[in-house]
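Subject: Structure handover

Hello,

Here is the structure for your files. My notes follow below it.

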Amino acid sequence: MLVVEDEDVLADAIAEWLRREAFAVDVAYDGDAALERLGVNAYEVVVLDRDLPVVHGDDVCRAIVDAGGPTRVLMLTAAAAVRDRVAGLALGADDYLVKPFALVELAARVHALTRRAGPVAPPALRRAGIVLEPARREIHRDGRYVPLTRKEFAVLAELLRADGAVVSAEELLERVWDEHIDPFTNVVRVTVMKLRRKLGDPPVVETVPGAGYRIR
């Protein structure tokens, strides 16, 4: 997802909080930079400050809506009047949050928007004896609880959503990490190795040479 906020401290705080929720987060500090990133990356949700420098947040929102994709917009503003909220929603924003706000509420709204951005996710992802419950952030294998880090959890969720299809390392980098990650890093291989170890025997995460990973 993309966080667009010209107050650096607030933007970085939102991004860090969302990363703790296992989201891959990019940050832009003005509207022009936001449009640049939107032209390159497909985002599920954009957390968008309305009063942005260079290009106004309203214009960024219009560009997202005009593109016609599945991207959802959570608009942020200091204006609390009903008419301001109505105006923001009329632009095509999916949700509206008035500053100041609690980060825990923002994260809850983002989670709700991600569920609307794509197909409805099942309450639990199941394959090969693994049960992953996104809402409770819990994983069990053959009835045994498996403690995972945020990135391990996110990688496993992507592999389970693929339903046996191969997911490339590049796809995992894009969906689980963010734009600042080194494309030549071995972080995916290391994360998958740790994931295999924690899931235990028999191994279920298969490496497909030259293609990526899948759960058999």
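First, helix α8. Helix α8 (residues 187-199) has 13 residues and spans 18 Å from first C-alpha to last, close to the 18 Å expected at 1.5 Å a residue. The expected span is 1.5 Å times one less than the number of residues. Helices are DSSP runs of H or I with at least four residues, strands are runs of E with at least two, and both are numbered from the N terminus.

The ground rules are these. This is a predicted model, where local features need pLDDT of at least 70 and side-chain atom pairs count only at pLDDT 80 or more, while totals for chains, interfaces and linings use all residues. Residues are numbered from 1 along each chain as its sequence is written, and side-chain values use heavy atoms, with hydrogens and water left out.

Back to α8. Val188, Thr191, Val192, Leu195 and Leu199 are buried there (buried is under 20% relative accessible area, exposed over 50%, partly exposed in between; 1.4 Å probe, protein chains only). Seen down the axis of α8, the buried residues fall within an arc of 100°, so they line one face of the helix. The arc is taken from the directions that run from the helix axis to the C-beta atoms. Just after α8, Gly200 has a positive phi of about 80°.

Next, the sheet. Four strands form an open sheet, ordered β6-β7-β8-β9, with antiparallel pairing (two strands pair if DSSP finds at least two bridges between them). β6 (125-127) and β9 (144-145) stand at the edges with a single partner strand each, so one side of each has no neighbour in the sheet. Helix α6 (residues 150-161) packs on the sheet and touches β6, β7 and β8 (138-141). Contact means heavy atoms within 4.5 Å. The direction of α6 makes about 115° with that of β7. For such angles, axes are lines fitted to C-alpha atoms, for helices over the stretch in contact, and the angle runs from 0 to 180 degrees between N-to-C directions.

β6 pairs with β7 (residues 130-133) over three antiparallel bridges. Arg127 stands opposite Ile130, and Arg126 stands opposite Val131. Two residues separate the strands of this hairpin, and Ala128 takes a positive phi near 55°. β7 and β8 pair over four antiparallel bridges. Here Leu132 has Ile139 of β8 as its bridge partner.

Last, the charges. The whole structure has 16 salt bridges (a side-chain nitrogen of Lys or Arg within 4 Å of a carboxyl oxygen of Asp or Glu). One of them joins Arg72 and Asp94 at 3.2 Å, N to O. Arg72 is in strand β4 (residues 72-77) and Asp94 in the loop between α4 (82-90) and β5 (95-98), so the pair ties together parts 22 residues apart in sequence. Arg109 forms a salt bridge with Asp95, with the closest N and O atoms 2.8 Å apart. Arg109 lies in helix α5 (residues 103-117) and Asp95 in strand β5, so this pair links parts 14 residues apart in sequence. Arg109 is partly exposed at 24% relative accessible area, whereas Asp95 is buried at 18%.

Glu171 and Arg175 also form a salt bridge, at 3.5 Å between the closest N and O atoms. Both lie in helix α7 (residues 169-176), four residues apart, about one turn of the helix. Salt bridges with shared partners join Glu5, Glu7, Asp49 and Lys99 into one network.

Regards
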